[in-house]
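Colleague: I have a few questions about how this model is put together. Could you take them one at a time?

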Amino acid sequence: MTTSDNFGYLVEFDNVDDLIAGAERVRDAGYTRWDAHTPFVVHGLDRAMGIKPTKLPFLVLGGGAVGLAGGVGLQWWTNAVNYPFLISGKPLFSLPANIPVAFETTILVAAIMALVGMLGLNRLPQLYHPLFNSSRFRKATDDRFFISVEAVDPKFDADVTRELLEGLDGMLTLEEVQS
Amino acid sequence: MTTRTADLSYLNNTTDDPVGRPPLVLGGRTFGDVTNTVCGIVENPRTPPLWYVFFGLSLSLLGVLGAMIAYLIFTGIGVWGLQSPVGWGWAIVNFVFWVGIGHAGTLISAILFLLRQKWRTSINRFAEAMTIFAVACAGIFPAIHVGRVWVVYWLFPIPNQMSMWPNFRSPLLWDVFAVSTYATVSLLFWYMGMIPDLATIRDRAKHPVRKIAYGILALGWRSSNRHWHRFESAYLLLAALATPLVLSVHSVVSFDFAVSIIPGWHTTIFPPYFVAGAIFSGFAMVVTLIIPTRAIFKLEEIITLRHLENMAKIMLATGMMVGLAYSTEFFMAWYSGNAYEGFTFLNRGFGPYAWAYWIMVSCNVIVPQLFWVKKFRTNVVLLWIASILINVGMWFERFVIVVSSLSRDFLPSSWGYYSPTFVDVLTFVGSFGLFFTLFLLFLRFGPMIGMAEVKGVMPEAHHGRGAHGDYHGDVPTDRDGMIPVKAKREVVQ
């Protein structure tokens, strides 16, 4: 009886152990469009959910490479090519004098990439989300732990999924979230 | 909230027990208590009257800063005490002083994170905020020192009507890049760490304006573990990037001096000496600010005595490094056999600026020696007074470096004695107005303690409840502290 305005189910826990045990069971049942919501980083939860390592470090590495190339290129082009700048008989382009600025631009672009990349991969900012319709869900940033399973999950079945979630140890409430 | 008893001895968690880790959050608090305590400060409809007193004072000083800058711009650099031979006076002293203060925030948020020092979580947000506001104060001074403020954009590689570019072989330009990168990265790091806590405030907000304002700032954070996974990765990467950055910033600041040929400046010890001094002064400023804040907002159970004691230990260590640098400079001045170097250091200790030199030594080398004694490290009033003396001493360190070397260089015929004018003094005092105005606004409207991080170091946050492992990257254990078979298999692979 999956209706089109059903986003999915939201179950609530009040401690880390029950959350992790619950997450393992949802993972083992083969769901893919589901998530856990915790007020802080719960270690061991990534493994319990079967989350693959993020590719963010490679984006940051790329950002650093762009910053380094940009920093060296900027100094070379401005001081040696576009306006050859002869001062104190120093060479127009010499790496040792260019290291500090190249280092700073490397860090700058890599750091911006870390934040923008993290937000981008997480598809944030996203100011509206169906989960925000649940008033209980507000405790997810305070002291409660949640598992949400989306109705769009290919394995989702209104009755079977509800049965699985209601059977989780330590489950406090189950809510059908409207989208 | 826990019930407070008359016996406050539970607030002392500085005893080391080799069998277990000392608790970092006291008073038997739950996750909800942490949320209520920290959000309570932001949500309290009645601002504490003391806040208005401090804010009014800070705002007045900020006005003084604005007036002094306006006077400087309309009249010219001559309103300062700068004369030949001392062309760098209080403005550069203040710049180095404020940049140095910022370093403690990045040290706490990045380096202590990489070193897995869990106690950092209670104070890192506070210290990061201090960093940003200190760097904002620092940035003003070189910008107004250039004289013609309206062409300050020439410092940046922006195409202009003269078709000229800045000289990238000058340490002053390196400084522009170092400080602006530092300010940007610190701001990103601070904001990113705040997103989950802004979401907490959003979810508790009642007033529609607060809901919208914190809702936008929180970017729609929904505590998703798939998001946390990337968030943690980004946090680690930013910490790894900010660590070399913070060490580079004061190194580059020291190049402003060390790359010149002025006696007393032209030394290779400057980068590490400046970095140690920066961390020293930064921790002193954190302690100066945090002791009244924790008392006023009753945060003794989250910012515990152990946190203060740890900071006293860091001040002792970095103060000793600074003392070592002072004596090394003297030794090298003698050992180099260079007459100008030798004279410069004798002149520092016994010349016309000897008073400044000995204020510096007393505050930076002698005062921290108190912290060898645990009784002094855990005495909040003494710690606070010592931290202020260290701030004073570190300002004088920069004064000694900048002014004593310039006032008596190679030619006795060009010697001089530098005195500041009232504009110098009021501009410096006014910069504290900017600093405290921003700081007080943050205390009132922002999450001054990283709630998500503090909750993460509480014993209940760990799978298996035992808190056997470390905060980050530990193998989950079962209730008896054993590694479950399944996890063991994964570790072996």
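Colleague: How far apart do the C-alpha centres of domain 1 of chain B and domain 2 of chain B lie?
Modeller: This is a predicted model. The domain assignment of chain B gives domain 1 as residues 29-461 and domain 2 as residues 462-493. Their C-alpha centres are separated by 39 Å.

Colleague: Which element supplies the largest share of the side of chain A that touches chain B?
Modeller: The contact involves 57 residues of chain A and 56 residues of chain B. On chain A, α1, β2, α2, α3 and α4 each supply at least two residues of that side. By class, the residues there are 35 nonpolar, 14 polar and 8 charged. The largest share, 16 residues, belongs to α4(A).

Colleague: Why is α7(B) described as largely enclosed by the rest of the structure?
Modeller: This helix covers residues 225-258 of chain B, 34 residues in total. From first C-alpha to last it reaches 48 Å, close to the 50 Å expected at 1.5 Å a residue. A residue counts as buried if 20 or more other C-beta atoms lie within 10 Å of its own. The helix is largely enclosed because the number of its 34 residues that are buried is 25.

Colleague: Which residues does B:V286 touch, not counting those up to four places away in sequence?
Modeller: The largest nonpolar core has 178 residues. B:V286 is among those with the most contacts inside that core, along with A:A114, B:V185, B:L238 and B:F283. With residues up to four places away in sequence left out, B:V286 touches B:A104, B:I123, B:A127, B:M130 and B:M311.

How values were computed
Residues numbered from 1 in each chain as written. Chains lettered and ligands numbered in written order. Predicted model: local features only at pLDDT ≥ 70, side-chain atom pairs only at ≥ 80, totals over all residues. Contact = placed C-beta atoms within 7 Å. Helix = DSSP H or I, 4+ residues; strand = E, 2+ residues; numbered from the N terminus. Nonpolar A, V, L, I, M, F, W, Y, C, P; charged D, E, K, R; others polar. Expected span 1.5 Å × (residues − 1). Buried ≥ 20, exposed ≤ 12 C-beta atoms within 10 Å, placed from the backbone. Domains from an automatic or database assignment. Core = buried A, V, L, I, M, F, W, Y, C linked by C-beta atoms within 7 Å.
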